[in-house]
Amino acid sequence: MSIQTSSPHFEHLVEEGRVHRTLYTDSSIFDLEMSRVFGGTWTFLAHASELPKPNDFVRKRLGKRPIIVTRDRNGNFHGLLNRCTHRGATICRHDEGSARRFTCPYHNWSFTNTGELAAVPIEEGYGPSFDKAQLGLGKLRVESYRGFIFGTFNTELPDLKTHLGPAAELLDEWLDRWPGAELQLRRGQTKFSCAGNWKLIYDNAADGYHPGYSHASLLRMRKDRYGGGVDMQWALGNVDEGLQTVADCGNGGTFIDQRAEIKRYWDQSAPMPGESTYERVIKEKMGDKADAALDVVMGSGMNLNIFPNLLIIGNQIQVLEPQSVNKTHINWYATALVADDLPDEVNSLRMRLQEDFPSFGEPDDLANFEECQVGLEIEEVEWVQTGRHLDTGKEYIGAKGMLSGPVSDELPLRVFWKEWLKRIAQDNKGGAK
Amino acid sequence: MSMNANPMQDGFTLEDILRDTLESTYINDAYYAKLRHDMGEWEGCGTVLTAEERSVYESLILHENWLLDRRAFEKWYQLYSRECVYWVPAVGDLPDAERADPQRQVTIAFDDRRRLGDRIVWLRTGVAYSQLPPSYTSHISTSFVRLPSENAEEVKIRSQFLVQEMRAGHEIQTFSGWMGHVFVKENGVIKIARKVVCLLDAPRNHHNLTFLL
């Protein structure tokens, strides 16, 4: 990456109903995003259930930066930059584990899991100017909301919950489908690699226009085998005449609400291995609460996207890890619900159902994103359209005071770019550039 | 058996699959327990196949590879028993019964007979854009050994594999690891009851793993 001496301006690349193709193809813009967008705003780092006990840690990325998310002995979360302050080597080389200290393998400088430099071998080799207190690990500002751990370098931002705004209430609704249940991520991941810019994935996460077309294979397979009636029927026909909506959650966050289309969750669920057996067992165990328990097997009917890297879809959590301007890792974390009054058979079914869309839906999306990346390399056709429903008069102030629109509205794209422009114009500490 | 223009599909059509299993009835706690037990047995010390075992089991695995490479999915489907599973764990460094446990976590693929049918119907819709253009594969299997199995009705064969995949517009991808096949006799015919594909890079991000291993 070249050092930015003066900050470029991007306003001319983001117009009211279109954005410029180079935002997806220019690697210098990508480098700036990794510095300013990832870490310049509250950015999702990890979920508390990935590091459930004191002194647990997970290794993650924040843009291109290797980081460690730790839980100290008192249970507080920390976001540490995984870089020895001595000569630059990463100090943590495991994806997860438990450690009170991280010792750099190179010269054994040792850091606590809160980031302080604890010990240096043969310390007498340093003179009076050596100050261990100045040589702690780089640290992020970290806060969590109901298990979702976010970090930023930005000291100007308000607290996390204020920043999330209506997205916090929507997270509550997503988490409280079975009141009192604890959401756990430690149930494996489906990990994709896409030869496309990371924003193509974010763009799609609140795209209610595409499912009936992009997911023709899934819809046709279901219909050919099961005669329709299950899963995603709301994607067919003129979706704007249906009950789904899109909304602006603020600060680049967006939301598709499908819930009004789902009369009975379990009955409209996609097929999954083990369905008959575990439906019977859950009915035997739960009696008149069985229907409600079966309903939480199925996805939530919510797509909640928290700028810039957290996409909640169905029962899953997707995290975007940009690798380069035209390569993105997309990690789908499976979730389980744990509660005394919910039998684990629900999770046996949830695991199988959470393989359905990653098998029959997401791959077709990723194929289309990759073809977008190919097409966007064409210099002569410069613009990407973002203006659907911009001037149809169909937008309104909806639930929670959010600007809302019919589900095919490209409002989410416009919301994204507004926030993107704001973040790219500031350094990652929140200062003007 | 009806005549079919494509000899690779002879006797088995998409229609057969559409009418096949539409319920998922046999995946239960006992079935998952069997998979965990399998993982322990896959860890065992194998014996190279006898000439007779080669002619039956190695031949079947090689035939399976050939059908997949020829994209004869309908015929491939019929190699599997009524209560089968095609399983690709998302964790590496297997066998390990606890870490691999599919009842407790998501996998890259966990297809019972019904979902396996869904997958083939999905591949054949002609609008699965991740398979347009389609993937072509070359399967190589080697190092076949037979593992001791507690269940005398079943035969366990472990092998190493190398699969290359090519899709127009994309670089050739290489996948490797080991596979476990569990064979049973169903109505006098030897069928694959369970196949587990343990990828060397199972825990890593994959690019368009929508073809069959």
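**Close-up views of a two-chain model**

**View 1. Chain A as a whole.** Chain A carries 13 helices and 23 strands. Its radius of gyration is 23 Å, close to the 22 Å that the globule rule gives for 433 residues, so chain A is as compact as a globular protein of that length. Keep in mind that this is a predicted model. Along the principal axes, the C-alpha atoms of chain A fill a box of roughly 80 × 60 × 35 Å. Of its 433 residues, 47% count as buried. Look at the contacts in chain A between residues at least 6 apart in sequence, and you'll find that 66% of them join residues at least 24 apart.

**View 2. Zooming in on A:Ser214.** Here we're in helix H6 of chain A, residues 211-214, which is where A:Ser214 sits. A:Ser214 counts as buried because it has 21 C-beta neighbours inside 10 Å, and the cut-off for that label is 20 or more. Leaving aside residues up to four places away in sequence, A:Ser214 touches A:Asp364, A:Asp365 and A:Asn368. Take A:Asn368: it is 154 residues from A:Ser214 in sequence, yet the two C-alpha atoms are 7.9 Å apart in space.

**View 3. The open sheet of chain B.** Seven strands line up here in the order E1-E4-E5-E6-E7-E2-E3, with mixed pairing. At the edges are strand E1 (47-48) and strand E3 (109-112) of chain B, each pairing on one side only. Helix H2 of chain B, residues 29-42, packs on this sheet and touches strands E4 (135-147), E5 (155-167), E6 (173-186) and E7 of chain B. The direction of H2 makes about 110° with that of E6(B).

**View 4. Two neighbouring strands, E2 and E7 of chain B.** Strand E2 (residues 80-88) and strand E7 (residues 189-199) of chain B pair in the parallel sense, over four bridges.

**View 5. Where chain B meets chain A.** The contact draws 34 residues from chain B and 36 residues from chain A. On the side of chain B that touches chain A, the elements giving two or more residues are E3 and helix H6 (113-124) of chain B. H6(B) gives the most to that side, with five residues.

Conventions. Residues numbered from 1 in each chain as written. Chains lettered and ligands numbered in written order. Predicted model: local features only at pLDDT ≥ 70, side-chain atom pairs only at ≥ 80, totals over all residues. Buried ≥ 20, exposed ≤ 12 C-beta atoms within 10 Å, placed from the backbone. Contact = placed C-beta atoms within 7 Å. Rg over C-alpha atoms; globule rule 2.2 N^0.38 Å. Pairing = 2+ DSSP bridges. Axes fitted to C-alpha atoms, helices over the stretch in contact; angles between N-to-C directions.
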